Amino acid sequence: MTDYALIGLLLVVAAIFPLIAMFFGFILRPRKPAPIKKSTYECGLETIGETWVRFRVQYYIYALIFVIFDVETVFLYPWAVAYNQLDLFALVEMFIFLMILLGGLLYAWRKGVLEWV
Amino acid sequence: MEAIQGILEFIDQIFVKLSFWFSAQLANFLPDWGVTFIMMFATVLVLIVFGLASIIWINVFERKIIGRIQDRYGPNRFGPWGLLQCVADMIKLLTKEDVTPTKADRLIFNLAAVAPVIPTFMILAVLPFGRGMVAADLSIGYLYIVAVGCLGTIAIFMAGWSSRNKYALLGGMRTVAQMISYEIPMVLSVVGVLLLVGSLSMVSIVEAQGQWRLPFVVLQPLAFVLYFTAAVAEVNRSPFDLPEGESEIVAGYHTEYSGIKFAMFLLAEYINAFSICAIATTVFLGGWQGPILPSWAWFFIKTYFLYFVLIWMRGTLPRLRVDQLMNFSWKTLVPLALANLMLTALVAKLVPQYSHVGAIAFLVMNVVVIVCIALVKYPRWRRDRREVVLVPRTATPQVDSS
């Protein structure tokens, strides 16, 4: 229990630390704002158009594959930890599970989803 | 002989003894819960101060070595041999004007500078720095590292999006795509080790390597290479530093940050690089185990050696292209990590644990896999390989200049 309390305390202190650093920065730094200085940086040119645009769908597909594999890993971790106590059936079962996922990866691969264009 | 061993034992346990002595001193005038709380607070402070202090010299170390690789001196002005360069940098960054673009989303822009530091410090809590020197020996140790480690992605995306700058946005999007792609092989490659250990606790992983009397890099060399490659990409280090590829997108997600907020990103990056080396040391290189020298010395020797390899890679390898980067993760690392996991599971069922036969079986398995990859990737029988013909250089025809 103390271990988790320590993690919680670390979270709080780690969050306070950058605030302290920023506070010192706030005290020490000069302040000379100017409209040009505060404009968006783009190598000396003015920004054209809106920055917050819609993204390519490619990113979402990667995100979807990521979610699938990440959930898979969540299943794999307990299996790996308990592996020494499990019998052969667990091995076969996990092989089938992995094969299905590998099949999914190969399908995505063949469909050209993994090509970055 | 006895005396020497006693001294070695004392040096090995010096930090543990120090903490016991400190808590005993506190117990004289404080109730139990007070002692627990103050010890916890002290541990947390030690971790954070350690993180900050290691930056001071890791930074100089890195710049010195990069300098040597690029045939120059590196920092050598401030302090003896330029060792205090990082302190000077910190003072400079603290006194720099802080520019927030008018168009930026101010709240998220400022929060994003706080966010990346938190997970980096939190990872330090479960690292076993030496025998008995772990701040919190969680039973879910490695899972905790994975869970906390991926929070950095959110911070980077917050920075990229809230800056309202096209370079920052591109950098942020790239970083997210890269980090989620490389997280899969990074997480999958360690499953083989967890399977051999039967526990997620970092301390048990180190102790299991003591029982095998071999570091896991011998049993799982492929997993080590996969882990290290993916981890380097995960912390956006060269040659996978596309998120901040200065030749394309200025500085990536932290283009608009200046002063102390920029320093926060820098800090997070260095501590992250240190922690992946420390995790690789713990999981694959036997952690604090080693002969003669105290355990914490072994831990730091191995970790800084890996850090040196990281710097070496940065100084040697060119940056990858975006499509190469994504393909490398999904088409090479992920299938390999899955294959490694399946074969490890198979071999682990066939051979007895903690035996030389087992170790040899794992090694043979890895060699077979690596040979298979080599055969598939570079087939000898493939005819369409471009023949390299060396044409002798002939003298260029003289052009009459008149």
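Me: How many salt bridges are counted between chain A and chain B, and what makes a pair count as one?

Reply: The count between the two chains is 0 salt bridges, the criterion being a side-chain nitrogen of Lys or Arg within 4 Å of a carboxyl oxygen of Asp or Glu. This is a predicted model, in which local features need pLDDT of at least 70 and side-chain atom pairs count only at pLDDT 80 or more, while totals for chains, interfaces and linings use all residues. Residues are numbered from 1 along each chain as its sequence is written, chains are lettered from A and ligands numbered from 1 in the order in which they are written, and side-chain values use heavy atoms, without hydrogens and water.

Me: What area is buried between chain A and chain B, and how many residues make the contact?

Reply: About 7,000 Å² is buried between chain A and chain B, with carbon and sulfur atoms giving 76% of that area; the value is the accessible area (1.4 Å probe) lost on putting the two parts together, summed over both. Chain A brings 68 residues to the contact and chain B brings 86 residues, where contact means heavy atoms within 4.5 Å.

Me: Why are H2(A) and H16(B) called roughly parallel?

Reply: Helix H2 (residues 57-81) of chain A and helix H16 (residues 322-350) of chain B have axes that come within 14 Å and cross at roughly 20 degrees. Angles under 35 degrees count as roughly parallel (over 145 as roughly antiparallel, 65 to 115 as roughly perpendicular, the rest as oblique), and the pair is therefore roughly parallel. Among the residues in contact are Phe66(A), Phe69(A) and Glu72(A) of H2(A), and Trp330(B) and Leu338(B) of H16(B).

Me: What makes H10(B) oblique to H14(B), and what makes H9(B) roughly perpendicular to H10(B)?

Reply: H10(B) and helix H14 (residues 259-284) of chain B pack at an angle of about 45 degrees, their axes 7 Å apart, which makes H10(B) oblique to H14(B). In that contact, Met202(B), Ile205(B), Val206(B) and Gln209(B) in H10(B) meet Ile279(B), Thr282(B), Val283(B) and Phe284(B) in H14(B). Helix H9 (residues 166-197) of chain B packs against helix H10 (residues 202-212) of chain B at about 70 degrees, with the axes 10 Å apart, and this makes H9(B) roughly perpendicular to H10(B). Here Val193(B), Leu194(B), Leu196(B) and Val197(B) in H9(B) meet Ser204(B), Ile205(B), Ala208(B) and Trp212(B) in H10(B).

Key: Axes fitted to C-alpha atoms, helices over the stretch in contact; angles between N-to-C directions. Helix = DSSP H or I, 4+ residues; strand = E, 2+ residues; numbered from the N terminus.
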